[in-house]
Amino acid sequence: MASSSSPTTLQRSDSIADKMPDALKQSRYHMKRCFASFVKGGKKLMKRENLMNEIEKCIEDSNDRKKIMEGLFGYILTCTQEVAVVPPFVALAARPDPGFWEYVKVNAGDLSVDEITATDYLKLKESVFDESWAKDEHALELDFGAIDFTTPRLNLSSSIGNGADYISKFISSKLGGKSDKLEPLLNYLLRLNHHGENLMINEGINTVAKLKKSLMLAVNVVSTYPKHTPYETFSPRLKEMGFEKGWGNTSERVKETMVMLSEVLEAPDSVKLDLLFSRLPTVFNVVIFSVHGYFGQQDVLGLPDTGGQVVYILDQVRALEEELLIRINQQGLGFKPQILVVTRLIPEARGTKCDQELEAIEGTKHSHILRVPFVTDKGTLRQWVSRFDVYPYLERFTQDATSKILQRFECKPDLIVGNYTDGNLVASLMATKLGVTQGTIAHALEKTKYEDSDAKWKELDPKYHFSCQFTADLIAMNVTDFIITSTYQEIAGSKERPGQYESHTAFTMPGLCRVVSGIDVFDPKFNIAAPGADQSVYFPYTETPKRLTKFHPSIQELLYNEKDNNEHMGYLAEREKPIIFSMARLDTVKNITGLVEWYGKDKRLREMANLVVVAGFFDMSKSNDREEKAEIKKMHDLIEKYNLKGKFRWIAAQTDRYRNSELYRCIADTKGVFVQPALYEAFGLTVIEAMNCGLPTFATNQGGPAEIIVDGVSGFHIDPNNGDESVARIGDFFSKCSTDGLYWDSISNAGLKRIYECYTWKIYAEKLLKMGSIYGFWRQVNEDQKKAKQRYIDMLYNLQFKPLTKKVTIPEDKSLPMRLASLRNLLPKKPASLGGGSKQKEVTETKPKSKDGQKRNDVKAGEGEVKEGLLAAEASERMKKVLETSEETQRLEKMKIAYGQQRNQGGSSVRNLFWSVVVCLYICYILKQRFFGTYSVQED
């Protein structure tokens, strides 16, 4: 054991359970006090910070506490992620390294220690929330590890995320030796085709021996031609030998590819295999699923459930098509690649193109958005549905989408990629049905966003339906051939915190299921492929000739116009100050309101810089998102609380990526900074965008941005849970810039260097196509294992997931005419005194009247007119429930007040009638605008 002067660590051969008794002996008196404190108060779930707080209370002497914390017990505590307290036992879930978990149980009475399994730990944890479930011998346990018996596993934490490289090494080791071991590769080559047309080789080469011999002869033939000779010149001679097109477009490239294959057949190694698979014609038609939200190219960003994922996919498609066109040309093929982004068709599209079935993707030649509606027994669902509520529609959506895709491609796709929970599940269902290679991209797994969301799922399910979501995530993770992540942290987190995927290793949902082995982060299906930003749009502010100066007037208005409008509120009194800038969705996790509060509290930072944020709406009534409404209210409260007038600008969500890119550059012109304060960020696309534009960036240390930025070199990490420390770092940066004129530029340039080395879309596209090829072969080699696992997954899908989806409420969907009819019921009825009575009454009123009778009728008519006006005013009040914008409501209210004033002043019936008509006409105008007019995204 190390001395107390330095923290102790365990050797790889050590286990927490083995060393825990020694750790407790360091100071038995203090340990007894600590564990007695842990169990005090009964059953509970504790996190590491709770443990540390208890230890600080129990070990009052700072020297004693320091000695213990620097010893073995302190090290074990730093590894502990969670503690389940069920007196007299204290069960620790320890994580000595990313991906490695150990579970121990300590008796607080005698400090005895037992090593326990994940199942034992989860049962103790369940006892805190649902003791009857924990004791149920027939509780459902999910153990995917028990049926994954042949898939190899990585061994080191540092290797996590390098799955394709590992698979390549594993395959090459299996191909070596006798010729029969090479047969899987031969069979794979024989299956290569496009629309039924053979590629590379045909059935004439049906043994490994024939393939080796034919390659030798073919290389000799091709070598006789000049290196730039087109393939068509010598293709007849190769066809006679059993070779088809796909080897290359020139004699030089054909020869190179044939030599690569010959070397793999002779002495396989991973480097040669990688090069070979990068040349094989395996991917032509790609399907990408992104189901929820408003997926489109214009006017969608900032709408509910619509953010960075849309930008990511559109840039991904452009990069993929460009790389596919290059490869297909080099392979000597005349095929055109096709990429379909499949999303939901939303009839009520809010002024976007989300109600159009097919839309060409800008900047591509052969890629489209295909929209498929959600259909129920009652017909097509017309309105937007939250990402938390989509699950009842996904199976039918998959069936309809599959039919349309096959019709569009006239063949099966070669690769299917899912996005987020819903897209990943749909991709899994379709890939399984068609037998196609599949990849998934989580973007953000909701389980890590909400603390204890698994154990507390019953509380959260009515709102978020996590029972459906977590089950769908497990299914997709285990079905897919490969998983794409943007960062290592997304998979396995950091030394201190588990990753998003790692949190699905073992967890429990008391009353539903106990997941003892959900996903293994050492599975070679995990791969890191970081996206980039479109560098034709997001380029450095110093590239003056390329600057989009046409946006400068509107950006100046956006930043500095002092008059509030629908696009911005607040103003900047001192324009010469640099700007602290942030742009994100307005939800809890993005933590934009947290940044505003940090700024409001810190006087030094307010004096140094202005704050500008682009996020969401200003008006709660414009948002359909639950979290966003709460954040809007909080933002208004913070502006008032800290009196931010003159220092803070709030800009509504912006949808024009070109203007947004120039906005980044204009912020850089002020020598400002970009701040990304999220509580957790899976990747951080806005971080990439800002750094591409040369803007020094401060980003959360929780998630992907911690990998994108080299702290203190190419940007800065900030702790979203420590606002004081974060604003101090930002303030220190501005202070240093004021004394060192080159410091701002040095951070800006280092950020650009980091981007160009690691974060471009070309690098991403090359990696993704490599995965499609490598895992396509691995899928074939590992076919029996995959089928066995699929049976287990099918059972989970049919017996658990589908019944859960039936508990999600399907909203009542009315057609537009039906809704207009219901709105007519809100309009004022015509009073009887103004002709609304029976026909008999109409006849009676046509008879001549006496003077007194005429006077009485005039009074009645006036009273009727007043009554109609009141009914109209009451109708306008009821219309508040129909109209969405506060401005419309305010204007109606003003009309009602004006009408009331006229009545109180005893005005004539003509005046009263006039105001009644005005109110009714305005209601009709709003109805027309709402259902037949054109609204902008911001207005809507």
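Close-up 1. Arg 327 is found in helix α14, which spans residues 308–330; helices here are DSSP runs of H or I with at least four residues, strands are runs of E with at least two, and both are numbered from the N terminus. The model is predicted, so that local features need pLDDT of at least 70 and side-chain atom pairs count only at pLDDT 80 or more, while totals for chains, interfaces and linings use all residues. Residues are numbered from 1 along each chain as its sequence is written, and side-chain values use heavy atoms, with hydrogens and water left out. With a relative accessible area of 14%, Arg 327 is buried, a term that means under 20% relative accessible area, as against exposed at over 50% and partly exposed in between (1.4 Å probe, protein chains only). Residues up to four places away in sequence not being counted, Arg 327 touches Ser 278, Glu 766 and Leu 769, where contact means heavy atoms within 4.5 Å.

**Close-up 2. Val 727 in helix α27.** Val 727 has its place in helix α27 (residues 723–739) and is buried, its relative accessible area being 4%. Apart from neighbours within four places in sequence, Val 727 is in contact with Trp 598, Tyr 599, Asp 602, Arg 604 and Leu 605. The C-alpha atoms of Val 727 and Leu 605 are separated by 7.2 Å, although these residues are 122 residues apart along the chain.

**Close-up 3. Aromatic pairs.** Rings of Phe, Tyr and Trp (its six-membered ring) pair if their centres lie within 6.5 Å, and planes under 30 degrees apart count as stacked, over 60 as edge-to-face and the rest as tilted. By this rule the count comes to 40 aromatic pairs. In one of them, the rings of Phe 144 and Tyr 792 have centres 5.4 Å apart and planes at 80 degrees, so the pair is edge-to-face. This pair links distant parts of the chain, 648 residues apart, with Phe 144 in the loop between β6 (141–143) and α8 (163–175) and Tyr 792 in helix α30 (residues 783–805). Phe 144, at 2% relative accessibility, counts as buried. The rings of Tyr 464 and Phe 466, in contrast, have centres 5.1 Å apart and planes at 10 degrees, so that pair is stacked. Tyr 464 and Phe 466 are both buried, and together with Phe 388, Tyr 450 and Phe 470 they form one aromatic cluster.

**Close-up 4. Lysines over rings.** Lys 105 lies over the face of Phe 89, at 4.4 Å from the ring centre, and the charged end of Lys 546 sits over the ring of Phe 539, 4.6 Å from its centre. A charge sits over a ring if NZ of Lys or CZ of Arg is within 6 Å of the ring centre and within 35 degrees of the ring normal.

**Close-up 5. Backbone features in loops.** Most residues other than glycine have a negative phi, and most peptide bonds are trans. The peptide bond from Pro 87 to Pro 88 is cis, with omega near 5 degrees, and Pro 88 lies in the loop between β2 (80–86) and β3 (89–97). Leu 111, in the loop between β4 (100–107) and β5 (113–116), has a positive phi near 60 degrees and is buried, with a relative accessible area of 6%. Arg 350 also has a positive phi, of about 55 degrees, although it is not a glycine; Arg 350 lies in the loop between β10 (338–345) and β11 (358–360).
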